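Have a look at the model below, then read on.

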Amino acid sequence: MASGSGNEETNRGSMWELDRNLDQPMDEEAGKLRNMYKEKKFSAMLVTRLAFQSLGVVFGDLGTSPLYVYYNTFPRGIDDPEDVIGALSLIIYSLTLIPLLKYVFIVLRANDNGQGGTFALYSLLCRHAKVNTIPNQHRTDEQLTTYSRHTFDEKSLAAKVKRWLESHPFKKNALLILVLVGTCMAIGDGILTPVISVLSASGGIKVNNPKMSNDVVVLVAVAILVCLFSMQHYGTDKVGWLFAPVVLVWFLSIGVIGILNIWKFDSSVLKAFNPVYICRYFRRGKQNSWVSLGGILLSITGTEALFADLCHFPVLAVQIAFTTVVFPCLLLAYTGQAAYLVHHTDHVNDAFFRSIPDGIYWPMFIVATAAAIVASQATISATFSIIKQALALGCFPRVKIVHTSKKFLGQIYIPDINWILMILCIAVTAGFKNQSQIGNAYGTAVVIVMVVTTFLMIPIMLLVWRSHWFLVCIFTALSLLVEFPYLTAVLFKIDQGGWVPLVIAATFLVIMYVWHYGTVKRYEFEMHSKVSMAWILGLGPSLGLVRVPGIGFVYTELASGVPHIFSHFITHLPAIHSVVVFVCVKYLPVYTVPMEERFLMRRIGPKNFHMFRCVARYGYKDLHKKDDDFEKMLFDSLYLFVRLESMMEVYSDSEDYNVPAQRIENSSDLTTRENGNENTLSSIMDLSYASSSDLIQPAQSQGSSLVRSSGHASGMTSEELEFMNRCKEAGVVHILGNTIVRARRESTIIKKITVDYIYAFLRKICRENSVIFNVPHESLLNVGQIFYI
């Protein structure tokens, strides 16, 4: 028994080693595709222009806060004019510490090649530590031009943090849940921003008509929201050029009005720049002052959107726009309103509109409404982007994504999410009708996202920036020193509207985590049930079946090995196509994969097997655009691979195309060692066939110039290309797996509800992969299988 067991282990080891040699990762091709981008250099004039354009995209949400801050800070009125000075002092230092110091000068530097937001931070962490819960990455992915990461000494603090994060699956899941909480709260922010901005701007109608019912204001706000969401399918590309001028006029207007109010009413409010008045404010008001922090928090809402909407602007442009326009204008606006309120404490409900001089009231009302719409548009677009990122990382069901701009990759439209957002916005607006309760809900969503960002920045600073632990502690302490009081303040208002974002976030969190759980389990099933490549090739060129004319694309989530659906397919059907291509589409923790590096192609086995593997890699910002034919891109990559392979065979004696000797030596050694498996592996003992067939060739990049060479015409008209063209004309079939996940009988009630009902329902309503890849229905073949967990 012992001897038999030992022989079995020996044979298993030999088979494993052979299989590993047959199905090697695409290191060479990934290296050949690598084409480092040159870092963009911006002139002073271009940076200035981009800073101007960023006003309309990045700062709309933050800029409309003066519409509603003082009303939400003093919902029951102002008891003492000195309270206005204390509140203004809190606003000044909150704006200075959070948006200016924390975000503009620190957090913005943590962007992922210009991409901001919670998922951008998560993607950075996934590249520097193995914390991704779907382990579908390989070292070949690290050779992408957009896959930037740093190495560090094994004895350093960063290495210790990395090992600690990777040490247990619980820590990876905890990090994922933290990211999902921040993401779900950001989605709640995308719902509440349009509500409070539009409702506050619409409230200006009532200032000159005190007898007007509040229901009229709500109806106007609802009408604007319906129009706003109904226009989303056009995208922002056609009207986006208006955003920056509108927001610039808005900032300059509130700044000038602030100066006028300071000069006209009370310049003594400037003493609020002395932080002593913050202490006096809390000492005088005690609990009421603490609760009022929920309203003051609204002065920094939009700060997280500032980071999430970074996208197409360099960090320097955003920093210039904030420090030269946004920050000073906001300070002047809040100070001017405070000067007005010191002498008109009974006007706190409409402080912004009542502080406007009569001669420019209606023009300012129009500008305020336009600015509110721009701010709402920015958060809606950010929500679409967040959903797209979550979908790419396997954390959201597949939904329809429409690309609305040919110029900007980030401008997308998701119809299903758009109408859900509209319904929720209308429900919140009509349900509360009260800016104070909506403000409480808004503040809860914002502060939780900020706290999540603070905690995510800790590993970012240690792993990515390799900062000293003392600097990390200072950043964390200062951030929580401001954010924790705000968090405790909004918790007092959970029953006054603060529960709304919690319910919304909890719903999205359940959807995202359950979908991710099912995705991970399906991937694990694929990994554990995959078939050895050595076994497949051991069947011979016919694979033990009839090879019928045609090309079969077998879709799998695996970048190596043969998927279970293929073995399931050939077990039940007596034939397989003459050409078989295993297609793996996977998303990586990078914002984009350049087109010339997207497809990796290699041959599996000898030429007469006509089997290939293609790995299509996407970033979380990349899209399967409807006008792109995925099937055509696969064929282009396959044909180019065969041409380049033929040319390498013709020029095998050339110095430029020498086959690495190490590869041949490895094959020979393996052939020598496999004497115990002659019967099973006799058909693959000729692995020393022209080794270029196992070499990895670039699918789209640097071989194009070679293809154009007239001296290589014979390679382009090779027999294999002609054979593949005949197979293509005979028919193309896309084989997709339809794996149904079910909970085992002995599973707990919670697991059964999660898997058999929630995940099954999400699978039923989500889009099929065939639709995403634009696969013709008549060419589709689904292979069904049930997997019990």
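## Some words to start with

Ala, Val, Leu, Ile, Met, Phe, Trp, Tyr, Cys and Pro count as nonpolar, Asp, Glu, Lys and Arg as charged, and the others, Gly among them, as polar. A cavity is found on a 1 Å grid over the protein atoms alone, as a set of points where a 1.4 Å probe fits but cannot get out; its lining residues have an atom within 4 Å of a point.

This is a predicted model, in which local features need pLDDT of at least 70 and side-chain atom pairs count only at pLDDT 80 or more, while totals for chains, interfaces and linings use all residues. Residues are numbered from 1 along each chain as its sequence is written, and side-chain values use heavy atoms, with hydrogens and water left out.

## The largest cavity

A search of the whole structure finds 5 cavities of 30 Å³ or more. The largest cavity holds about 220 Å³ of space, a volume being the space filled by probe spheres set on the grid points, which are joined across faces, edges and corners. It is lined by 19 residues, and Ala186, Glu304, Ala308, Ala382 and Ile386 are the closest to its centre.

Which helix gives the largest share of this lining? It is H19, with 6 residues; helices are DSSP runs (H or I, at least four residues), numbered from the N terminus. By class, the lining of the largest cavity has 7 nonpolar, 9 polar and 3 charged residues.

## Two helices side by side

Helix H9 (residues 169-202) and helix H19 (residues 361-392) have axes that come within 9 Å and cross at roughly 165°. That makes H9 roughly antiparallel to H19 (angles over 145 degrees count as such). Axes here are lines fitted to C-alpha atoms over the stretch in contact, and angles run from 0 to 180 degrees between N-to-C directions.

Among the residues of H9 that meet H19 are Ala186, Ile187 and Gly190, and the H19 side includes Ala372, Ile386 and Ile387; contact means heavy atoms within 4.5 Å. The contact of H9 with H19 has 12 nonpolar, 9 polar and no charged residues.

## The second largest cavity

About 110 Å³ of space lies in the second largest cavity. Of its 16 lining residues, Leu67, Asn349, Asp350, Ala351 and Phe352 are the closest to the centre. Helix H5 (69-73) and helix H18 (351-354) each supply at least two residues of this lining, which has 10 nonpolar, 5 polar and 1 charged residues.

Technical notes: Angles under 35 degrees count as roughly parallel, over 145 as roughly antiparallel, 65 to 115 as roughly perpendicular and the rest as oblique. On a 1 Å grid over the protein atoms alone, a cavity is a set of points where a 1.4 Å probe fits but cannot get out, and a pocket is an open set with protein on both sides within 12 Å along at least five of seven lines; lining residues have an atom within 4 Å of a point.
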